[in-house]
Amino acid sequence: MFAVVHHPDYVAPAPARSGYQWNKNALVRDLLLGTGAAIDWVAPEPMPRHWLEAVHDPGYVAEVLSAQVPREKERRIGFAVTPAIARRAARVAGGTHHAALIALERGFAANCAGGSHHALHDSGAGFCVFNDLAIAAVRLVEEGAAQRVLIVDCDVHQGDGSAALTAGRADIATYSIHAERNFPVRKARSTRDVALPDGVGDDDYLAALAETLPPLVAEMAPDLILYQAGVDPHADDRLGRLNLSLEGLAARDRFVAALAQGSGIALAATLGGGYGDDAMAVAHRHAATILTLGTAYAKSPLYVDR
């Protein structure tokens with residue numbers, strides 16, 4: 001059995017003219033339920049306001065929580081911030097933190113949402129409202145739950161917000177492997193960036209991951225990896241520029257899990273990006289990632305079953 005964090009607030013009604021797939025989280029949940037896998041479903045609390053403000057500008061936090069985000073910021077985010085979406089943003093951040101705490105106790109957990117790596121200090125961006133990765137990492141180290149946290153971002157888009165919001169901290173590091181020519185146009189500087197040319201497939205992607213991630217893990221020796229497990233490197237993704245297959249994504253996830261296990265590091269996964277006209281196909285990719293990671297850790301001597 002492994003833990004998956006989910007809450008009904010993750011499924012918010014779609015605002016007008018939104019290109020984001022608002023039913024994705026529910027589809028992933030339903031697919032996981034349908035597998036019959038032994039999953040411990042956990043409901044998180046919203047992230048308290050003062051921890052949102054520990055990473056984001058308090059004025060921006062107030063705009064979101066009151067659902068009064070200025071239009072220019074909503075354009076950067078990609079949709080209007082309604083009261084339901086404001087509740088979702090705080091709950092998802094709480095879910096990533098909750099998944100991290102479970103992972104530190106048991107070895108692994110997944111948040112059935114999150115990975116909002118583009119959100120910046122005073123604004124959201126790229127379908128991201130609050131940066132749950134940075135918020136969770138900061139709270140974990142400030143409260144003493146972890147001494148060092150490594151954010152490993154395998155989304156096809158660079159984790160610019162996570163890098164910017166944690167820059168200069170010795171206790172939080174960021175790794176991003178992404179398509180060089182994809183969003184965002186202006187990249188931030190992660191602790192380690194691996195920028196890939198368009199069209200990279202399974203073999204070259206996995207070789208780049210194997211060459212660049214283990215040295216950072218060894219150097220930092222984190223207590224926890226927060227894994228942004230976006231499935232948009234898949235060849236059929238609408239917003240991706242890479243060419244990974246389903247088996248390539250699974251091999252990526254197995255590699256990250258094995259690296260964490262072999263180093264005695266807890267792993268907490270977030271959903272990350274995945275886009276396409278066929279929402280069910282995208283949801284299947286996300287569900288497969290959670291199952292791949294959970295299965296790998298459930299068989300590990302590091303994992304503590306509950």
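Colleague: Is the crossing of α9 and α10 left-handed or right-handed?

Modeller: The crossing of α9 and α10 is right-handed. That word applies when the near helix is turned clockwise from the far one by less than a right angle, and left-handed when anticlockwise. This is a predicted model, in which local features need pLDDT of at least 70 and side-chain atom pairs count only at pLDDT 80 or more, while totals for chains, interfaces and linings use all residues. Residues are numbered from 1 along each chain as its sequence is written, and side-chain values use heavy atoms, without hydrogens and water.

Colleague: How close do the axes of α9 and α10 come, and at what angle do they cross?

Modeller: The two axes come within 9 Å and cross at roughly 35°. Helix α10 covers residues 279-298; a helix here is a DSSP run of H or I with at least four residues. Axes are lines fitted to C-alpha atoms over the stretch in contact, with angles from 0 to 180 degrees between N-to-C directions.

Colleague: Which residues of α10 meet α9?

Modeller: R285, T289, T292, L293, A296 and Y297 do, where meeting is contact, that is, heavy atoms within 4.5 Å. By class, the contact of α9 with α10 has seven nonpolar, three polar and four charged residues.

Colleague: Why does T292 count as buried?

Modeller: Buried means under 20% relative accessible area (exposed is over 50%, partly exposed in between, with a 1.4 Å probe and protein chains only). T292 has 18% relative accessibility, so T292 counts as buried. Leaving aside neighbours within four places in sequence, T292 is in contact with A250, D253 and R254.

Colleague: Why are α8 and α9 called roughly parallel to each other?

Modeller: Angles under 35 degrees count as roughly parallel. The axes of α8 (residues 202-220) and α9 (residues 246-262) cross at roughly 15° and come within 10 Å, and α8 and α9 are therefore roughly parallel. α8 passes α9 in a right-handed crossing. The contact of α8 with α9 has eleven nonpolar, one polar and two charged residues by class.

Colleague: Which residues touch the most other members of the largest nonpolar core?

Modeller: L150, Y227 and L267 do, in a core of 49 residues. α8 gives the most to this core, with seven residues. A nonpolar core is a set of buried Ala, Val, Leu, Ile, Met, Phe, Trp, Tyr and Cys residues joined through side-chain atoms within 4.5 Å.

Colleague: What does L267 touch?

Modeller: Not counting residues up to four places away in sequence, L267 touches residues including F108, Y227, V256, A260 and L293. A second, separate core of 41 residues includes F79, L133, I151 and L226.

Key:
Helix = DSSP H or I, 4+ residues; strand = E, 2+ residues; numbered from the N terminus. Parallel < 35°, antiparallel > 145°, perpendicular 65-115°, else oblique. Nonpolar A, V, L, I, M, F, W, Y, C, P; charged D, E, K, R; others polar.
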